[in-house]
Amino acid sequence: MQCEGDYFVLVICLSVAIIHAETSCDDCYKFPELFMLGSSTASYQIEGGWNEDGKGVNIWDTLTHDHPELIDDKSNGDIACDSYHKYKEDVQLLKDLGAQFYRFSISWSRILPNGRDNKVNLAGIDYYNRLIDELLANGIEPMVTMYHWDLPQPLQDLGGWPNFILSEYFEDYARVLFTNFGDRVKLWLTFNEPLTFMGGYSSDKDFAPAIKSPGIGDYLAAHTVIYAHSRVYHLYDQLFRTKQRGRVGIALNINWCEPATNSSEDVAACQRYHQFNLGMYAHPIFSTEGDYPAVVKDRIARNSAAQGYTVSRLPLFTPKQVEYIRGTADFLGVNFYTAYYGKAGEAGDSPSMARDTGVITIQDPAWGLSASSWLRVVPWGFRKELNWIAKEYGNPPVFVTENGFSDHGGLNDTGRVHYYTSYLTEMLKAIHEDGCSVIGYAAWSLMDNFEWNRGYTEKFGLYAVDFDDPDRPRTPKESAKLVAEIIRTRQIPERFRED
Ligand SMILES: *[C@@H]1O[C@H](CO)[C@@H](O)[C@H](O)[C@H]1NC(C)=O
Ligand SMILES: *[C@@H]1O[C@H](CO)[C@@H](O)[C@H](O)[C@H]1NC(C)=O
């Protein structure tokens, strides 16, 4: 790696250099000098303004309006945190935290109301220009997610992500973003958690658009998304990189899978868990050979044949596409929350990704609870996951794009304080003791917001938002004070250290 060029290259190079220079762990509780600390949100979860100033309808507008019964409290993101109007206040929240960057997402429908680039909504461009300028005026670097699940409804009407033509439309959208914002935005993420939003086409979680096609529609969606990502990376290389000098990555989510026993079956089961959940997206982009992981292709092909399909339910990339996709990221964004024990065995319906994966997952009842059924507190899983990624993909620069904890509210959020201190401690061990090149960390989330099918019942914020008050006032929780202290001192406070 060449340690010259723009700020972000320097961050990666110097972070890695600092890590490798540290032979003894003098202060394992400190963040490397250029490590970036900040917080994240997503457009549909916070913005509101769902039909203002020319914004088009997206699949979460449609799902929450047509099927409120699929949302625990029958709520929606029509107003949410009202960040569409309160963005200046939100930038001040970030400033109070001392955040070095803010990861937010752009609403595709606010920029391109019909999803296509023939009609650009200037009011939408204007909103994000004002947000970006406000951040920069306060010394906060914008990190933009292009797609955080709010697909324009007209594109869903064409079939949504299972329709491969969307890879072209996504590139068109990205071109509009680079053209309008790339002079100031240097950190880009194409997609947030494709693993999660592909579930909208298998619909085990009633995610938008709630199409029920497990083991088929979800794989078609994944296939389009991976290719769409690579198109955007090449677009940046061809038209924007020389001038704008930014970096393009993708945010992938993964849980740690700990083998339930040391049997070779269970160890292999957890490897499959990783390859199906993370490798499906990461292997085509970050591995040296590219393409889907062999175990993923083999198992889906075998199960498809047994089910009477003449071709695999997983579409294949051509050798040309494999080459085109390979290496198309400057860093890997990782969203990490929790862990499972994994055992070999049959799970899920036939067909489904769960059945193809062949892993039974359970959580230890002794692990700490959150307000979310899937989220238990397993800090050691974070370190193991970062090591798995470093080993599997040759220690790429990893930016932790999400990590956080849910509760039911309250300002004295001791559970969240414990979560952040323990997970950050494990992350620092991965950096200092294991040599993983982790370069940044975004706490999820800046404020309580619309938690998808859970509505407003699960709170992830550093700041509380009063959703009963039309002004949506924000109040710092204890965790916000803690994160501000961590960012200011650039270390885990002594009172939270293990020894
Ligand atoms: C598996 O083996 C490792 C290393 O010997 C040990 O630390 C771990 O506790 C074992 N796990 C189980 C579930 O027995
Ligand atoms: C928060 O709760 C903890 C545990 O219940 C308590 O020890 C602490 O004093 C409380 N902090 C504040 C600021 O109220």
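Predicted model: local features only at pLDDT ≥ 70, side-chain atom pairs only at ≥ 80, totals over all residues.
Trainee: What should I know before I start?

Mentor: Residues are numbered from 1 along each chain as its sequence is written, and chains are lettered from A and ligands numbered from 1 in the order in which they are written.

Trainee: Which residues have the most contacts inside the largest nonpolar core?

Mentor: A nonpolar core is a set of buried Ala, Val, Leu, Ile, Met, Phe, Trp, Tyr and Cys residues joined through side-chain atoms within 4.5 Å. Buried means under 20% relative accessible area, exposed over 50%, and partly exposed in between, with a 1.4 Å probe and protein chains only. Here the largest such core has 145 residues, and Trp 60, Trp 161 and Met 427 have the most contacts inside it. Helix 10, residues 217-244, gives the most to this core, with 12 residues. Helices (H or I, at least four residues) and strands (E, at least two) are DSSP runs numbered from the N terminus. Apart from that core lies another of 10 residues, including Met 36 and Phe 399.

Trainee: Is Thr 224 buried or exposed?

Mentor: Thr 224 counts as buried because its relative accessibility is 0%. Thr 224 lies in helix 10. Beyond residues up to four places away in sequence, Thr 224 touches Trp 161, Pro 162, Asn 163, Phe 164, Leu 166 and Ser 167; contact means heavy atoms within 4.5 Å.

Trainee: Where does UniProt place the feature "active site"?

Mentor: UniProt positions are given in the numbering used here, feature names are shortened, and annotations may be inferred rather than shown by experiment. The unreviewed UniProt entry places this one at Glu 402. Glu 402 lies in strand 12, residues 398-402, and counts as buried because its relative accessibility is 3%.

Trainee: Which side chain makes a polar contact with the side chain of Glu 402?

Mentor: A polar contact is a pair of N or O atoms within 3.5 Å; within protein, one must be able to donate a hydrogen and the other to accept it, and residues adjacent in sequence count only if both atoms are side-chain atoms. For Glu 402 the partner is the side chain of Arg 103, at 3.1 Å. Leaving aside neighbours within four places in sequence, the residues in contact with Glu 402 include His 148, Asn 192 and Glu 193.

How values were computed:
Heavy atoms only, no water.
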